[in-house]
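Subject: Structure handover

Hi,

Here is the model I promised to pass on. Please have it open while you read the notes.

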Amino acid sequence: MSYTTQMNAARKGIVTGAMETVAKKENMPIETLMDRMAKGTIAVPVNKNHTVIDPEGVGEGLRTKVNVNLGISKDCRDLEVEMAKVRAAVAMKAEAIMDLSCFGKTQEFRNRVIAECPAMIGTVPMYDAVGFYDKNLKDISVDEFFRVVERHAADGVDFATIHAGLNRATAEKIKRNDRLTGVVSRGGSLLYTWMMLNDAENPFYEHYDRLLEICTKYDLTLSLGDGCRPGSINDSTDAAQVEELITLGELTKRAWEQDVQVMIEGPGHMAMDEIAGNMMMEKRLCHGAPFYVLGPLVTDVAPGYDHITSAIGGAIAAANGADFLCYVTPAEHLRLPDLEDMKEGIIATRIAAHAADIAKKIPGARNWDNAMSKARADLDWEGMFSLAMDPVKARSYRESSKPEFEDSCTMCGKMCAVRNMKRVHEGKDIQLND
Ligand code: SF4
C-alpha cells in the first residue's frame, strides 16, 4: 500500500521505517505512536528527499527534543565554519538543525547539510526569498514565495517555518497593541512588511492549500511560525499573540485534513508565571499539536546569559507540555553565535529538556540520573564523566584540581562525606587530623 506523508501512513495503518525507528528510540509501542501520529499529537518530520536522516518524533509522550539554529549571514558567511557547527551539534545530540541562512547562495550550504546531517533539518524559506531572487522584498510575487518553499522542500528540508497565521486581522492587532518590542520574528516581520507595502493578505494564509500541496508532495512538516511571539516579557500573552495562535489552530486542522504534519511555534520572552498557562492554551487552541518554543526567556536583563534565561523558561515550558525546545546561546541579542556559544546553548537547552522529561515522567528519563547518582555514591569518576551531559567539561574540572585522595575531590578533601560514609560502612577508620 502506498502513502503520501508519515501522517497518511499512520492513518492507513502502514508501518514506515521512520515509525519503527522512533518507536524503538522512545520505547513506545508502535500502535501508540501511530495512533498519536494519526491524531496529529506526534509529528515525525522526515522529508522524502532527506535520505540520511535518523528519524525523530516530536510530541505527546516523547522525549523533549532540542533544535540548534545556525547558517550563513552577510557578516559570517564561511560555509566550513557553519558545517563544523553542524557536526558539533550532531555530536552533542541535538535532534534538529535549523539552517537560518539569510545571505547569498543559501542552497549550496543547505544541500551540504541535507546530504550529510542525520538530524531533522528545518528552514525558514522566507529568509531565503530576498537573496534567492535578488529583489526588493516588495517586488517578490506570490508565485515566487511558493517557488522558494518548493525549492526547500525538494532539496529535502524536513520542516519549514511558515508564518501563515500572521494575517491581516492579526496585523491589525499588532498596530493597535501597545508593545514595547513590536514584531521580533525575522520571518514574521518580513511578511508583515510585504503585506503592508503591497496592501495584501499574507500569501501563505490566502493560498494555504497551495502550501499544503507542497507539504504533501515531499512530506514537509509545517512548523507554523509565531510572527507575533513576544520579544519582551512586557509583550507576552497579548491580543496579537493570542489572535495568531487561534488562527494557527484553524490552520492546523486544515493541514491535518490533508494529512500534513504540523508543529506550532511559540514564545519568546515570558515571565515564569505565564508559561504554564500559555502551554495549556496552545495545546487547547491547536488541538494537541506538538509545541516548539524558543525559550521562553524569563527575564530581559541578562544579555550574555540568555542560554540560562531561556533554559529556565524552556524547562518550565516543557514540563508543562512543550515538546521541542529551540536552543538559545549566550550570544542571543548580541551577535551570531560562534562554536563555543553554540556548545553552551546546546548543553543549557538539553539540561532544560531532560529536567522536563523527568517531570513529564518520560519512560527511562530518571534512569540516567539514577545511574549518575550511583556513580557519585561510588566515587566512580570515570562513570560520572561518561554519564555527564558534558563529559569533556566534567573531566577537565576534575583534572584541573587534583585532590590528596583519589576517592574525594578538592572541595572537602578528607571531610568528603561520600568517602567517609563509604569507608565507615566498610568498617574502616576515619582519620581527619593527620
Ligand atoms: S569532596 Fe565533597 S564535593 Fe567532592 S565528592 Fe566528596 S563530598 Fe562531594
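The notes below cover the ligand shell, the annotated sites, the backbone and one threonine.

First, the ground rules. This is a predicted model, where local features need pLDDT of at least 70 and side-chain atom pairs count only at pLDDT 80 or more, while totals for chains, interfaces and linings use all residues. Residues are numbered from 1 along each chain as its sequence is written, and side-chain values use heavy atoms, with hydrogens and water left out.

**Ligand shell**

Cys409, Met411, Cys412, Cys416 and Ala417 surround the ligand. A residue is near a molecule if one of its heavy atoms lies within 4 Å of it. The shell has five nonpolar residues, no polar ones and no charged ones. In this scheme Ala, Val, Leu, Ile, Met, Phe, Trp, Tyr, Cys and Pro count as nonpolar, Asp, Glu, Lys and Arg as charged, and the others, Gly among them, as polar.

**The cysteine site**

UniProt, in an unreviewed entry, places a "binding site" feature at Cys409, Cys412 and Cys416. UniProt positions are in the numbering used here, feature names are shortened, and annotations may be inferred rather than shown by experiment.

Cysteine 409 sits in the loop between α18 (391-399) and α19 (417-425). Helices (H or I, at least four residues) and strands (E, at least two) are DSSP runs, numbered from the N terminus. Cysteine 409 is partly exposed, at 30% relative accessible area. Buried means under 20%, exposed over 50%, and partly exposed in between (1.4 Å probe, protein chains only). Leaving out residues up to four places away in sequence, cysteine 409 touches Trp381, Arg398 and Pro403. Contact here means heavy atoms within 4.5 Å.

Cysteine 416 is in the loop between α18 and α19. Cysteine 416 is buried, at 8% relative accessibility. Beyond residues up to four places away in sequence, cysteine 416 touches Leu379, Asp407 and Ser408.

**The histidine site**

The unreviewed UniProt entry also has a "binding site" feature at His269 and His333. They span 65 residues in sequence, yet no two of their C-alpha atoms are more than 12.3 Å apart, so they gather at one spot. The lining of the largest pocket includes His269 and His333. The pocket search uses a 1 Å grid over the protein atoms alone: a cavity is a set of points where a 1.4 Å probe fits but cannot get out, and a pocket is an open set with protein on both sides within 12 Å along at least five of seven lines; lining residues have an atom within 4 Å of a point.

Are the two histidines buried or exposed? Histidine 269 is buried, with a relative accessible area of 8%. Histidine 333 is exposed, at 51%.

Histidine 269 lies in the loop between β8 (262-266) and α13 (272-285). Not counting residues up to four places away in sequence, its contacts include Pro230, Ser236, Pro296 and His333. The side chains of histidine 269 and aspartate 300 make a polar contact of 2.7 Å. A polar contact is a pair of N or O atoms within 3.5 Å; within protein, one must be able to donate a hydrogen and the other to accept it, and residues adjacent in sequence count only if both atoms are side-chain atoms.

Histidine 333 is in the loop between β10 (324-326) and α15 (339-359). Its side chain has a polar contact of 2.9 Å with the side chain of aspartate 306.

**Backbone**

Most residues other than glycine have a negative phi, and most peptide bonds are trans. Please check these places by eye.

- Proline 267 and glycine 268 are joined by a cis peptide bond, with omega about 10 degrees. Glycine 268 is in the loop between β8 and α13.
- Glycine 295 and proline 296 are also joined by a cis peptide bond, with omega about -5 degrees.
- Aspartate 134 has a positive phi of about 50 degrees. Aspartate 134 is exposed, at 69% relative accessibility.
- Aspartate 259 has a positive phi near 65 degrees. Aspartate 259 is buried, at 14%.

**Threonine 64**

Threonine 64 is in the loop between β2 (58-59) and β3 (65-70). Threonine 64 is buried, at 3% relative accessibility. Its side chain makes polar contacts with the side chains of aspartate 357 (2.6 Å) and lysine 360 (2.9 Å).

Best wishes
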